[in-house]
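Hi there,

Here is the structure I promised to pass on. Have a look, and then read on for what turned up in it.

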Amino acid sequence: MSFKCVNQRVIRKDIVAKVTGRARYTADRTEREMLYGALVRSKVAHGYVKSIDTSKAEQLPGVIKVVTYDDLKAIKFPTCGHPHSVIVEKRDIADKTVFTNHVRHFGDEIAGVVAVDSYTARKAAELVEVEYEKLPVYLESEEALQEGAKEIHDGSKNIVKEDEYELGSDVEPIFESADYVLEEDYDISPVKHCHLENQIAYAYQDAEQRIVVVSATQIPHIVRRILSQAFELPYSKFRIIKPYVGGGFGNKQDVVVEPQVVALSLAVGGKPVLIEYSREEQMVATRTRHAVKISLKSGFNKDGEILAQKAVIVSNGGGYAAHGHAITETMAGNFMQTYMSIKNFKSEQITTYTNLPVAGAMRAYGVPQISFAVESHLDSIAGMLQLDPAALRDINMTEDDLNNEFTGVDYSIKGLKEAIERGKERISWNEKQKAYQGQIGEKRKGVGMACFTFDSGTWPYYPELAGANITMNQDGHLYMHLGAVEIGQGSDTVFCQMAAETTGVSYDNVHINSLTDTDYSPFDTGAYGTRQTYITGQAVVKAAEIIYGKILEKAANLLDVGSEKLDVADDYVIDKASKRQLMSLADLALNTYYNEESGEVITCSVSNQVKSNSINTGVCFTEVEVDITTGKVDILDIFNIHDCGTVINPDTAEGQVHGGISMGIGYALMETMLFNKDGLPLNDNLLDYKLPTTLDHPDLGADFVETYSETGPFGAKGLSEPTTVPTAPAIRNAILNATGVKVNSLPMNPQCLFENFKDAGLI
Amino acid sequence: MLKQINITLNGVERSVEIDERESLLEVLRDKLYMTSVKHGCGVGECGACAVLIDGVAIDSCIYLATWADGKEIRTVEGFEQDGELNAMQEAFVEEGAVQCGFCIPGFLVSATELKETNKSYTRDEVRKALSGHLCRCTGYQKIVEATEKGLEKE
Amino acid sequence: MFDISNYREALSVKDAMTYLKEDPSSMVIAGGTDVLIKVREGKLAGSSLVGIHKIDDLKGICKDANGDIHIGSLVCFTQLEEDEIIKENVDYLGKAGGTMGGPQLRNIATIGGNVCNGVTSADSGSMLVCLNANLKLSSIDGERIMPISDFYMGPGKVDLRAGELLTDIIIMKEDYEGFTGKYIKFSQRRAMDIATIGCSVMLKQKGGVITDFRLGYGVAAPTPVRCPVAEAFAVGKKATEENAKAIGEKALEDVMPRDSWRGSKAFRQQLIKELARKAIEELAGLRGGQDA
């Protein structure tokens, strides 16, 4: 396949705005007479508010209004950014109210203050006196599930949902007859997204009394729907505007701050009210990556053939349901997807309520957790059998066409096998993997690898729908309106490339506004699920094809030749055979718009529903050096090789891979959310929560195996989320290669490695 | 606690009334509309609010505005010369070093500070010079590469 | 906006001393990187502050006729690391300061602030303790000079009396001349972090024998501490790997690390041993310059 604009390193559409400071994020916009909101947050992790005294706050000069749970109708709404469903049972759990007197985690919202400036608002929020009746605090799923535990949500038994599945034959007899059985327990800490822009939004009522919400969100259309639920008002009563967004990683796929600003704005007669979370609020009162405990059991033969696997997954959901059981289900659905040759699987999974901050979507939606278990477990098995871990993987993978029986999706992992071969060569796997075994001494090197498979979009878990409007302006340029959401990942850029490729309009002449506005942007569920390139991309191509057809039709009329003889390239209508330029698109557009007889706007609006998925795959290889005496791990080399189908833009694709690896390094070695026994946070700031810095990374590598997706636009699959999936298990496996020690918890920080090395007798 | 301060902001002399309790970040954003200067953490841990004060990169969130009196402040808004991006901005564009962009003005401030030393730096030195900025999108890879490229530009 | 009740800008040492005398409840703010964060957290909310940021007299580093080094309390960590006098005589102190925070913080955070903050994790603390640094404390009623180890009284507590200002940090010639030194900061990440353990070693050797030895730690006790037992043990020993290890182990008798969520006591003890060993090995030329 050869392309002119797709598959090329074009300059991002938004990059000049971002290096000059012209890109306006939510905090950079303002309204006249802006008021500022601050929230009164729970200082206990579980309890009832016995009494609340707002008088001191109300007396503070500059305070306009204090609103508590008592002042608002207690309407329950869901917060998670899933598509809505017409089937009531499939809808998300509605367990959240704007403010509450039953607080379920530290930082839960009790009341809000509106004041003339943010300093006064925050000061007033501190002056609100709250007395609590404390309830038992459960930080671990096991505690919340104990007989007689206090229900965090009435009637829930502290279970969001539990279920199980079996594929193939009953695994228990297979374990009995296998040569070997290995059972391992993995304990994975909760972590945070840490996008640099905190949650922020403001709301006001416009001249027609509609409620306008400007928010740093990944899901403007879903925000509109959830606000409609939360305030029992029609969807169309709300207008959501999404300016430039400073990162989301799934945390802005929940509706968190928006109902709060709407409630406060309505309480002051629709005046604009802005809430910007502090970093500390962001750490406890948005979403986390689920803390998960996974037990994996495998039965296998001495030659490395794995016969059956069983997973027991316990996900700690925190104080509210948010994404419900969906993330845990995704773990279960992904558990067997890479190594289908194993054939016999059983998975039991449960999501619990606890008094941790609420868990939700975070880059790769549960797959990092299950992959850490699956890929670590493989290396443990390889170690038992004295097999090369790459060879063990090869034995249990197949190039046959596959079907995930849990999701029903057909796929193949041929690209993954090629990626593994390329990666082995790049890191000199065969030499190093052997040479690094059985080292002694203070510093030891090791190599490790881990694979993944990942969905492109959310079908068949959720319906996939995207709209696209494209207009050719009077100068022959294209202008696109999409409901898809640019949050930094580069989606606007790849959509423009697709439109340019399809129509023959040059990339520079395809325009898009980074801002999404539900009043003007067509429906699209938003930025999540590694869906936009694959799903919205198809809508863009569909619309661009219509525009291309219109160009040919108009040109045929104007030039009086058959449209089949024409094509478009470099902003000109050309003769298909000779490539000769016949008419500029500027002329064509001008003549079409202003034709006195048959003037026409060159525009189209499409809707595209997608009922397919295109599994993308990849592998991470890494080489590490471990200091046995201190538990410090130095990453010497690390790279991912992805099969994401056709790479639409190599620059932005590499950027995604680097960012995913970086987040994976943090997950593997540094990051964890810590709480004391009462559920109060210990490291809710960017000093104590250890995000990697420039000095904690080696050079990061990104490479691609480009298989062609039959369903994706220009053969593309998704890429963004899974880039972070294989990092942690690859590093864990490299530590195993270096030291012979199996570390089965995250993060593998120096304290953790010290304990592991001590237990193993290395210290 | 109001007070008048005089600063040179991106080459222009400005006089502004501040509250002595205000951070330079607040004054730059709310009173002088330099919105490239971002609030990320409020405690000098993320570097999104860095500005050049007399040529030195400082986190403006923990710098009292009153200290800026009489000083020269530069932000990314003032980096362009005659409509041309500065060497670092240009390199960041060419290398595609930007994703969400929220941390980028801060990085550009430190990268420009480095460029103005007219010295050469190893990759490790570049990494150290940028280590006061957090980025969650890029893994720093293209940012480091772009900074090196910017250092090489005329 | 910061919750500050009053702010006065001192333009000279005399100004500062006067303001501090006038309002004994007020406290000094230098670079602000600790004070403003504590104000924001609420720990110092409502404080009355005397700003010394603009006092140029406190920003110098010089060597006097005796060879003693004077470091003004407003010297920032970037300046400390780049200063020629420091590089020539006590480069390890400059490098220790160079591990603090990140570049923007080092551009403004001052050594005086780092000392007066009184925390055990201060990256300049254990090295200044090893250097037997003396502190000049000035007030309108006079001045006094005291050794830094006496100045540290407990976690976050220093012997700074009402009305006093730290103006000068003095390192005597005999405390640095002939020594090599090394600070190893062990932290979870390589920038923007506080030490899990900070280890400072100063050493003189002759003919392969350790003739003088100083060992200090941060985060191994409530304040930065010296290790008299390990130091006495080390002097006269041959500079060998075995002895480096033995000295590191001996240091455990001098320290009292504690359990916290940042690191367990056992892990800190491990680091206390190992960091000393690594630093000694490096200073004695027993290893290839590997950093911790």
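Which domains does the domain assignment of chain C give? Please keep in mind that this is a predicted model. The assignment lists domain 1 (4-51), domain 2 (59-175) and domain 3 (179-283) for chain C.

I looked at how domain 2 and domain 3 of chain C meet. Their C-alpha centres lie 20 Å apart, and 20 residues of domain 2 of chain C are in contact with 22 residues of domain 3 of chain C. On the domain 2 side, the elements giving two or more residues are helix H4 (84-97), helix H7 (125-130) and strand S8 (152-154) of chain C. H7(C) gives the most to that side, with five residues. By class, the residues on the domain 2 side divide into nine nonpolar, nine polar and two charged.

Chain B has a helix pair for you to look at too. The axes of helix H2 (residues 87-95) and helix H5 (residues 141-152) of chain B come within 8 Å and cross at roughly 135°. The crossing of H2(B) with H5(B) is right-handed.

If you want to display this contact, pick Ala87(B), Met88(B), Ala91(B), Phe92(B), Glu94(B) and Glu95(B) in H2(B), which meet Lys142(B), Glu145(B), Ala146(B), Thr147(B), Lys149(B) and Gly150(B) in H5(B). The contact has five nonpolar, two polar and five charged residues.

Best wishes

Key:
Residues numbered from 1 in each chain as written. Chains lettered and ligands numbered in written order. Predicted model: local features only at pLDDT ≥ 70, side-chain atom pairs only at ≥ 80, totals over all residues. Axes fitted to C-alpha atoms, helices over the stretch in contact; angles between N-to-C directions. Helix = DSSP H or I, 4+ residues; strand = E, 2+ residues; numbered from the N terminus. Left-handed = near helix turned anticlockwise from the far one by under 90°. Contact = placed C-beta atoms within 7 Å. Nonpolar A, V, L, I, M, F, W, Y, C, P; charged D, E, K, R; others polar. Domains from an automatic or database assignment.
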